[in-house]
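Good morning, colleagues. Please take a moment to look at the sequence and the structure on the screen before I take you through the contacts.

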Protein chains: 2
Amino acid sequence: MDKNVITLAHGMGGTKMQSLINDLILKHLSNPVIDRLEDSAVLPRLKGSPVFTTDSFVVSPLFFPGSDIGRLAVCGTVNDLAAMAAKPLYITTAFIIEEGFLTADLERILVSIKKAADEAGVIVAAGDTKVVERGKADGIFINTSGLGVAPEKSRVSSSAARPGNAVIISGNIGDHEIAILQAREKMGIETGLKSDCAPLYSMIEPLIRRGTGIRVMRDATRGGLGAVLNEIAAASGVNIRLNQEDIPVDKGVKAVCGLLGFDPLFLANEGKMLIICEAKEAKRAVKLLKGSKYGKKAAVIGKVEAKSSKPLVTIDTEAGGERIVFMPEGGQLPRIC
Amino acid sequence: MDKNVITLAHGMGGTKMQSLINDLILKHLSNPVIDRLEDSAVLPRLKGSPVFTTDSFVVSPLFFPGSDIGRLAVCGTVNDLAAMAAKPLYITTAFIIEEGFLTADLERILVSIKKAADEAGVIVAAGDTKVVERGKADGIFINTSGLGVAPEKSRVSSSAARPGNAVIISGNIGDHEIAILQAREKMGIETGLKSDCAPLYSMIEPLIRRGTGIRVMRDATRGGLGAVLNEIAAASGVNIRLNQEDIPVDKGVKAVCGLLGFDPLFLANEGKMLIICEAKEAKRAVKLLKGSKYGKKAAVIGKVEAKSSKPLVTIDTEAGGERIVFMPEGGQLPRIC
C-alpha cells in the first residue's frame, strides 16, 4: 500500500485510520480537547448563549492565490459565528477524501487549518475522516461546524435593519471569486489578485464591545453583497439604497468583470463583513474597522430607506442613474466555496 | 431547468437556492431556530457542559433495509453525544449533493432526518447545501454535527475502564453492516436483516440517571466491537476478556459471516452501545437496557481484567479455546456509514 496516498482503509476504523489520525491529523491539529479521542468533545461551560453553525467546503481548485480549502473552511465557519456577534470558540473538521488523494496535499491543508484556527482563536474540538472510492468525490471536501458564545443581550439579526441605518462594508468586494476564477482559467489579464479569505471576529470585536449600534452583520459569501442585501431587505421589510462610487472594488476585479460581464455586487467574498448600524455610529464604526488588519478599506456604502412591503435594493450608479439590484438566480461561478 | 433534479444553481446563493431551502428543506426541517435563517443559530444557555461532535456520512447505497443516509446521519451523531453521557439537543445538517440528484430522493431523506431527529429529541439548528458537478460526488453526502449537554460531574471516558468492570453490549452485533452488504449484492442468502440504526440516548438515560456506575460508553460503529474494545483497552491500560457465547449475534449475520469469512466482532453497528460499568451494577444496568425499545437483547459479554502495559482484548471461543481479538487494519467493507 502506497503511503503517499490516502486509501479506502484510512477511513475504515482500524489501525490504518488510527495511524492517519495520530501520525498526520493530530500532528497538526493536536490540542488537549481533541487529543482525548472520545466519541465527542466535552467542553467547559459557556458564559453566554451558545451559537452554532455548519458549512461544507467544495471549492475547486483546492489551492488558489491567497488561500486554500483549509483556511477557507476555518474562516467561513468562524465568520458565520462572528456575524451573529458571537466569539468563535470551537470548530469541528470533517474530511471526505477521494481515494488516491495525496497525503502531502492533506498535510498542506492541515497546516493551513491549524494556522487559520490559531489566528481565529478557535480550538479544533472534534473531527471525522471518511474515504470514498476514486471518482466518487473530487479530491477533498471539508465540513466545519462552529460553536461560539454571544452576549445574551445581543440582538444582531438580518431582520433588525431600520430606516436611517447606515450600510458599511469592511473592504473591497469580489476578490475571492475572481481569485478562484483566475486559478481556474488563464484570461490574459494579470491582476495579481488574492482571495480575501480571513477570520473576522477580531475586526468586529471592538465594534461589539464599544456598542456601535450594530443592527445587522452578514458575511457576504455566495451570491455576494447583492444577495445578502436582498435577504436583509426582505427579512427587515425595508428598502436599501447603495451608492456605487462608495463601494470599494479592486481595479483588477473591475477589469475582469468588464471583460466577462460579471457584476462585483454578486461576487463571493470570504473576508468581508457587511454591517448595518445606527447612522450616528457609522463614522466611529468605520474608524474602528480601519484600525484592523482586515478592515483598512472599510466604507459606508449606502443606507436603509423606508419600510416597504415590497423591499427593494437599489444602487445609484457612477453614471448618475439608479437601478434595482435584483436577487440573482444563482451565483456567477459554481464551487467558489 | 428540470425541477425534478438538483442543479448547480441550487448551491449558488440566489433565488434557486432560496427556493430549495424554503420549498423543500424547511418544508420538512422547519422549527423556530432554523427558520430564522441567520448566518448561525443563537441558542438558549446550556445547563451543564457543552458536548460537541461531528460526522460525515457517505454510505452506499443511500437507502437500505431498515434505514437510509438521513436516519443514519442523525443517529450516528446523537449516539456520539450519548456515548459521553450527554443529552443530545441540537444538530446541524450539511448536504453535498451531486448535480442531477433526484429532488424526490432528497425529499425522502429530509423526511427521514425529521423523523429521526424527532425520535432523538433534537432540533436541527442550522444547515448548509453545496452542489458539485455530475461525477464529482456520489449522490449525496451528509455531515451532521451535534451539540449536547452533559452533567458536570460526568466522568465517562474510554480511559476509565478498571479491572473487575463488566462489559455490556446493548444488543445483536453486525446487523447494520450485513444489511448494507445485502443491499449491495445478491448473495443467495435471504436473511431479512435490517440495519439497527437507532438513536440511543433514551435507552441509556435511565442508566445515567440512576447511577449504574458507568465507566465507559462507546457507539460500536466502524471497526465494530473489536476495534472499539481495542481502543478502550489501550486508553485504559487494561486487558479485556470476552465470552463468545454471551455475545448476541443474529443467525442471519452468522450465516453471512460463515459464507464470507467475516467476523461479527468487526462489523459496524449503528444502534448498539458498548457499556463498561462497575461489576456490582451490571445486572441492574442490563435490566434497565432490556426495558428499552432498542436494548431488548442487552447482555454482559465479558469483563475488564488486569492493568497491562501491553493491553490485549481476548475472547473465550464457543469451541473452548481463547484467542486474541486484534485491532483490524481496516474494516471489512468501505462506505458503510
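In this predicted model, 22 residues of domain 1 of chain A are in contact with 23 residues of domain 2 of chain A. Domain 1 of chain A runs over 8-150, and domain 2 over 166-324. Their C-alpha centres are separated by 28 Å.

Which elements supply the side of domain 1 of chain A that touches domain 2 of chain A? At least two residues each come from helix H2 (69-82), strand S5 (87-98) and helix H3 (103-120) of chain A. H2(A) gives the most, namely 9 residues.

I turn now to the relation between the chains. Chain B is superposed on chain A by a rotation of 180° with 0.0 Å of shift along its axis, and the RMSD is 0.0 Å. The two copies are therefore related as by a two-fold rotation axis. Within chain B, the C-alpha nearest that axis belongs to B:Ala137, at 2.1 Å from it. Both copies use the same surface, as 100% of the contact residues of chain B recur in chain A.

How many residues does each chain bring to this contact? Chain B contributes 63 residues, and chain A contributes 63 residues. On the side of chain B, the elements that give two or more residues include helix H1 (15-29), helix H2 (69-82), strand S2 (49-57) and strand S9 (214-219) of chain B. S2(B) gives the most to the side of chain B that touches chain A, with 8 residues. The residues on that side comprise 30 nonpolar, 18 polar and 15 charged.

Strand S1 (residues 41-42) of chain A and S2(B) pair in the antiparallel sense, over 2 bridges.

Finally, I come to the nonpolar core. In soluble globular proteins, nonpolar side chains tend to be buried together. The largest nonpolar core in this model holds 244 residues, and of these A:Ile168 and B:Ile168 touch the most other members. Which residues does B:Ile168 touch, leaving aside those up to four places away in sequence? Among them are B:Ile275, B:Cys277, B:Ala282, B:Ala285 and B:Val286. The list also includes B:Ala298, B:Ala299, B:Val300 and B:Ile301.

Definitions and conventions. Residues numbered from 1 in each chain as written. Chains lettered and ligands numbered in written order. Predicted model: local features only at pLDDT ≥ 70, side-chain atom pairs only at ≥ 80, totals over all residues. Core = buried A, V, L, I, M, F, W, Y, C linked by C-beta atoms within 7 Å. Buried ≥ 20, exposed ≤ 12 C-beta atoms within 10 Å, placed from the backbone. Contact = placed C-beta atoms within 7 Å. Least-squares fit on C-alpha atoms with pLDDT ≥ 70 in both. Helix = DSSP H or I, 4+ residues; strand = E, 2+ residues; numbered from the N terminus. Nonpolar A, V, L, I, M, F, W, Y, C, P; charged D, E, K, R; others polar. Pairing = 2+ DSSP bridges. Domains from an automatic or database assignment.
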